[in-house]
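Subject: Handing over the structure

Hi,

Here is the structure I promised to pass on. Have a look first, and my notes follow below.

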Amino acid sequence: MSWDFETEPEFQKQLDWIERFVRTEVEPLDYVLESPDDVRDEKRNKLVRPLQAEVRKHKLWACHLEPDLGGQGYGQVKLALMNEILGRSRFAPTVFGCQAPDSGNAEILAKYGTPEQKKRYLQPLLDNQIVSCFSMTEPQGGADPKVFATRAELQGDDWVINGEKWFSSNARWASFMITMAVTDPDAAPYRKLSAFIVPTDAPGVNIVRNVGVGDEPEGAHAYIRYQDVRIPKDHLLGQRGDGFVVAQTRLGGGRIHHAMRTIGQVKKAFDLMCERALSRTTQGSALADKQMVQEKIADSWIEIEQFRLLVLRTAWRIDRYKDYLKVRKDIAAVKAQMPKVFHDVVIRALQIHGSLGVTPEMPFVDQVLESFVMGLADGPTEVHKITVARQVLRDYQPTSGLFPTGHIPALREAAIRKFAGRIELEV
Ligand SMILES: Cc1cc2nc3c(=O)[nH]c(=O)nc-3n(C[C@H](O)[C@H](O)[C@H](O)COP(=O)(O)OP(=O)(O)OC[C@H]3O[C@@H](n4cnc5c(N)ncnc54)[C@H](O)[C@@H]3O)c2cc1C
C-alpha cells in the first residue's frame with residue numbers, strides 16, 4: 001500500500017533552491033522586460049540566457065521531458081511541485097525550459113515528428129533558440145473544432161493552406177506554427193483535421209493583427225490569414241486525419257501545466273492577502289482579527305489545498321498511466337476548477353487590500369483577468385464540465401424500475417426480508 005503526501009528529501013532540496021532562485025533572480029525580470037517569448041530581444045537574452053545556463057547546471061532544465069530530449073524525465077508530479085513555484089513569475093517557465101505553448105508543442109513533435117522534423121524544429125525549440133505557436137482556434141468558433149474551416153489541399157508535392165485562425169498565441173515571435181487544417185472534409189467528424197508544421201515566414205502567412213488581453217493595445221494573440229500558404233508534403237505532423245489525436249496529446253499536458261502554474265499565482269495572491277490582514281489596522285483592530293476577513297482566509301486556504309491535491313493526484317495519474325486519454329476526466333476536472341479557485345481567491349485578496357487592491361500597483365486586477373483567460377484558453381470551462389459529466393456517467397446504468405435504486409421504502413422492505421429470520425422488526 002502506498003499513499004504518500006511527502007516530497008523526497010533530495011527533491012525538496014532542489015525545490016528549496018528553485019524557490020530562492022526564482023524569488024531573487026527570476027521574479028525581478030517580470031518588472032523590467034517585455035515578453036519572455038521574444039527570443040530576438042537582445043535585452044531579454046542578455047538577462048535570461050545566463051539564468052537558463054544556471055538552471056541547466058542544476059539539472060533542472062525541461063524537467064518534464066525524457067532524457068533523450070534533454071530533460072530529466074522527472075514526470076508530472078515533480079513538474080507540478082516545481083511549477084507551483086515557477087507560476088509566481090512570468091519569466092520563470094522560460095528560464096526553466098517548460099513554457100507554454102512550447103512545452104506542449106515539443107511534446108507532440110517528440111511523439112509524432114519524423115527524425116527530420118525533430119532535427120529541424122524540436123531541437124532548437126528545446127534549447128529555446130526559437131519559440132513556437134499552436135494555431136487551431138478560428139474566428140467562427142474555438143470551443144467546437146467541428147466547425148473549423150481552414151483547408152489544406154495536396155497540390156503536387158506541397159500542401160496548400162487557406163483559412164483564418166484566431167488567437168494563435170506567440171505567432172509574432174514564433175519560427176513555426178503547428179496548424180490544424182481540414183484535409184478530409186468528407187471523413188467522419190473527428191477524422192477531418194490534420195496537423196501541419198508551418199514556418200511563420202512562409203509566403204501567405206499574414207498576421208492581420210496581434211490581439212491583446214485587457215487593455216493591451218498590441219498583444220501576443222495573432223489573428224492570422226493563411227493565403228495559399230505552400231509547405232512541403234513532409235510538413236504533415238502525424239498521419240493524415242490524426243489532427244484531433246495530435247491536438248489532444250498537446251492539450252492534455254498544456255492544461256495540467258497551466259493548472260500547476262495557476263497554483264503558484266493563487267498562492268502569491270494568498271500570501272499577499274495574509275500579510276495585509278496582519279499588517280493593516282482599522283476600527284481598533286487588525287484586519288486579521290475580523291471574522292469576515294478570517295472567513296476569506298480560511299475559505300481561500302481550503303480551496304487552494306483542495307485544488308492542489310486534485311492537480312497533484314492528476315499529475316500522479318498521468319505519470320502512472322502515461323496516457324492522457326485515460327486521465328481525461330481528471331484533467332478536465334482540473335481545467336474546469338482552475339478559473340474558479342483563481343478568481344475567488346484573487347478577488348478576496350483584492351478586497352482585503354481596499355483601494356490599493358484595484359490599482360495597477362498591485363497584481364490583482366491582472367490576475368482577475370487572467371482567471372478568465374484560464375476559463376477560456378485550451379477550451380472553455382463549460383466544455384470541460386461536459387467532459388467530466390460524460391466520463392462520470394459512463395460508470396453508471398439507468399434503472400429499469402419506476403423508482404430509483406435509492407428509494408427508501410423498497411430498501412427497507414428488502415432489509416426486513418434479509419434479516420427476518422434473525423431479529424424481529426416492526427414494519
Ligand atoms: C489568452 C488566450 C490564449 C489563447 N491561445 C490560443 C492558442 O495559442 N491557439 C489557439 O488555437 N487558441 C488559443 N486560444 C483560444 C481558445 O482556445 C478559445 O478561446 C476557446 O477554445 C473558446 O473558443 P471561442 O473563444 O471561440 O469561444 P466560443 O467557442 O465562441 O465559445 C464562447 C462561450 O460559449 C460557451 N460555450 C461554448 N461551448 C459550450 C457548450 N458546449 N456548452 C455550454 N456553453 C458553451 C462558453 O461560455 C464559451 O466561453 C486562446 C484563448 C485565450 C483567451
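Predicted model: local features only at pLDDT ≥ 70, side-chain atom pairs only at ≥ 80, totals over all residues.

Which residues are closest to the ligand? They are Met136, Gly142, Ala143, Ser169 and Pro380, from a shell of 23 residues that surround the ligand (a residue is near a molecule if its C-beta atom, placed from the backbone, lies within 6 Å of it). Strand 1 (132–135), strand 3 (158–169) and helix 12 (381–393) are the elements that give two or more residues to this shell. Helices here are DSSP runs of H or I with at least four residues, strands are runs of E with at least two, and both are numbered from the N terminus.

Residues are numbered from 1 along each chain as its sequence is written.

By class, the ligand shell holds 12 nonpolar, 8 polar and 3 charged residues (Ala, Val, Leu, Ile, Met, Phe, Trp, Tyr, Cys and Pro count as nonpolar, Asp, Glu, Lys and Arg as charged, and the others, Gly among them, as polar).

Now the domains. The protein chain is split into domain 1 (9–99), domain 2 (132–237) and domain 3 (245–393), with bounds from an automatic or database domain assignment. The ligand lies between domain 2 and domain 3, because both give residues to the shell around it.

The centres of domain 1 and domain 3, taken over C-alpha atoms, are 21 Å apart. Their contact takes 12 residues from domain 1 and 16 residues from domain 3, where contact means C-beta atoms, placed from the backbone, within 7 Å. On the domain 1 side, helix 3 (residues 75–86) gives the most, with 9 residues. That side has 6 nonpolar, 4 polar and 2 charged residues.

Helix 12 turns up again in a helix pair. Helix 9 (residues 328–352) packs against helix 12 at an angle of about 145°, and their axes are 8 Å apart; axes are lines fitted to C-alpha atoms over the stretch in contact, and angles run from 0 to 180 degrees between N-to-C directions. Among the residues that meet are Arg328, Ala332 and Pro339 in helix 9, and Thr381, His384 and Val388 in helix 12. This contact divides into 6 nonpolar, 4 polar and 4 charged residues.

Strand 3 also has a partner: 5 bridges join it to strand 2 (residues 151–155), and the two run antiparallel (strands pair if DSSP finds at least two bridges between them). Gln155 has Asp158 in strand 3 as its bridge partner. The two strands form a hairpin with 2 residues between them, and Gly156 in the turn has a positive phi of about 65°.

Lastly, some backbone details. Ala100 and Pro101 are joined by a cis peptide bond, with omega about 0°. Ala62 is not a glycine, yet has a positive phi of about 45°.

Cheers

Key. Contact = placed C-beta atoms within 7 Å.
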